[in-house]
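Please open the model in your viewer and keep the sequence panel beside it.

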Amino acid sequence: MVARLIDGKVLADELRAAFKTRVAALTARGHCPGLAVILAGEDPASQVYVRNKVNACEAAGIFSMKIDFPPNVSQETLLAKITELNGDPAIHGILVQLPLPRHIDEAAVLEAIAPEKDVDGFHAVNSGALMQGQPRFIPCTPYGVMKMLEANRIDPAGKEAVIIGRSNIVGKPMALLLLGASATVTVCHSKTRDLAAHARRADILVAAIGKPRFVTADMVKPGAVVIDVGINRLPPEEGGKLCGDVDFESVKEVASLITPVPGGVGPMTITMLLANTIEAAQRRAEA
Ligand code: NAD
C-alpha cells in the first residue's frame, strides 16, 4: 500500500481564503483583528517562524505588530510589554515566540498574557478549559491536526490514537483533543517501554518528538493514519533539509494516510493561529 498524502498546504490555503471574508467583515465593523508577536533573542529558526506568522497575517488582512527584544532582555521588560499589549484595543492576540532566553521564566511570561488574548492557548486558563472539554483557545499545532483529520473525514471516535511526545504545546493538548473526539488515547514519551509495540496499535499515530525519522515502518500498523508534527533540520552532510519525526519513505508504504514535512502540519499551525486571532477579535466585537 502507498499512503495518500494529507496536504497541509492545500488545506491551509483553503482555510486562509475563507478567513479573508471574515476579516474584511470584522474590519468593516471597526474590529480589524490584530496580532502582536514578541521575539526575544536571535534564534534563526524563531526568526523564520515569526516572519512567516507576520506575513500570513498580512496576507489575510490581519493587523500585525512584531516586537523584537535582544537576547539579554529582562523579565521585567517583557512583562511590561505584555501588560501594555493586554490593554491595547488594536491587539486581539499576543504570541510570545518560544523558546525564550534561558534567564527568562517562560511560565511567568505566558501566564502574564490575558487569557482572552492568548491565541497560542498556552495560558493555564485555556489549557484548563481544554482539559475540561470546553476549549476557548486551542494550541495551534494540535488544533491544525484535528482540522486535517476532519478534512480527510477521519473520525477518531473509537479509534486507537497513539501520540509520541508529551509536551505542553503539542503532545498533551493533542491527547486531550483526541480524547475529546472519543479516541482511545495512549501518550508515549522518552520513558515509555517498548514504544514500538504501543505505536503499532495505533489507527492514528501522531509523532511530536523532535528526532529526525524516529518512526520507522516497523512501528506502524498497516493502514494507519500517520501525522508527523516534527520539524528537524538535517545536518549539512545529510543535505541540510527539513525532515519530520517520521521516516516518510518507508512509512508511506505501510500507512493509509500520511502528512509530509514540509507541507504537512507546519502550514496548518500558522493557519490556526490566524483562526484564533480572528476568533479573539470576533469575541471582542460581540462583547
Ligand atoms: P519537546 O522537546 O517539548 O517534546 C518532545 C517530546 O518527545 C517529549 O515529551 C519527550 O518525552 C518525547 N521524546 C523525546 N525523545 C523520545 C524518545 N526517544 N522516545 C519517545 N519519546 C521521546 O518538543 P515539542 O515542542 O513537543 O516539539 C516536537 C517536535 O514538533 C519538534 O520537532 C518541533 O520542532 C515540532 N513542532 C512542530 C510544529 C509545527 O508547526 N509543525 C509546532 C511545534 C513543534
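Helices (H or I, at least four residues) and strands (E, at least two) are DSSP runs, numbered from the N terminus. This is a predicted model, in which local features need pLDDT of at least 70 and side-chain atom pairs count only at pLDDT 80 or more, while totals for chains, interfaces and linings use all residues. Residues are numbered from 1 along each chain as its sequence is written, and side-chain values use heavy atoms, with hydrogens and water left out.

**The ligand**

Next, display the polar contacts (pairs of N or O atoms within 3.5 Å). In the side chain of Thr-269, an N or O atom is 2.7 Å from an oxygen atom of the ligand. A polar backbone atom of Ile-231 is 3.1 Å from an oxygen atom of the ligand, and a backbone N or O atom of Val-229 lies 3.2 Å from a nitrogen atom of the ligand. On its own the ligand has 850 Å² of accessible area, of which the protein covers 73% (Shrake-Rupley method, 1.4 Å probe).

**Helices α6 and α7**

Now select residues 140–151, helix α6, and residues 171–180, helix α7, whose axes come within 9 Å and cross at roughly 35°. The axes are lines fitted to C-alpha atoms over the stretch in contact, and angles run from 0 to 180 degrees between N-to-C directions. Show the side chains of Pro-142, Tyr-143, Val-145, Met-146 and Leu-149 of α6 with Pro-173, Met-174, Leu-177 and Leu-178 of α7, which make the contact (heavy atoms within 4.5 Å). The residues of this contact divide into nine nonpolar, no polar and no charged.

**Backbone features in loops**

Most residues other than glycine have a negative phi, and most peptide bonds are trans. Select Leu-98 and Pro-99, which are joined by a cis peptide bond with omega about 0°; Pro-99 is in the loop between β4 (93–96) and α4 (106–112). A cis peptide bond also joins Val-261 and Pro-262, and Pro-262 has its place in the loop between β11 (257–258) and α10. Finally, go to Asp-194, which is not a glycine and yet has a positive phi of about 50°, in the loop between β6 (184–188) and α8 (195–199).

How values were computed
Nonpolar A, V, L, I, M, F, W, Y, C, P; charged D, E, K, R; others polar. Polar contact = N/O pair within 3.5 Å; in protein donor to acceptor, adjacent residues only side chain to side chain.
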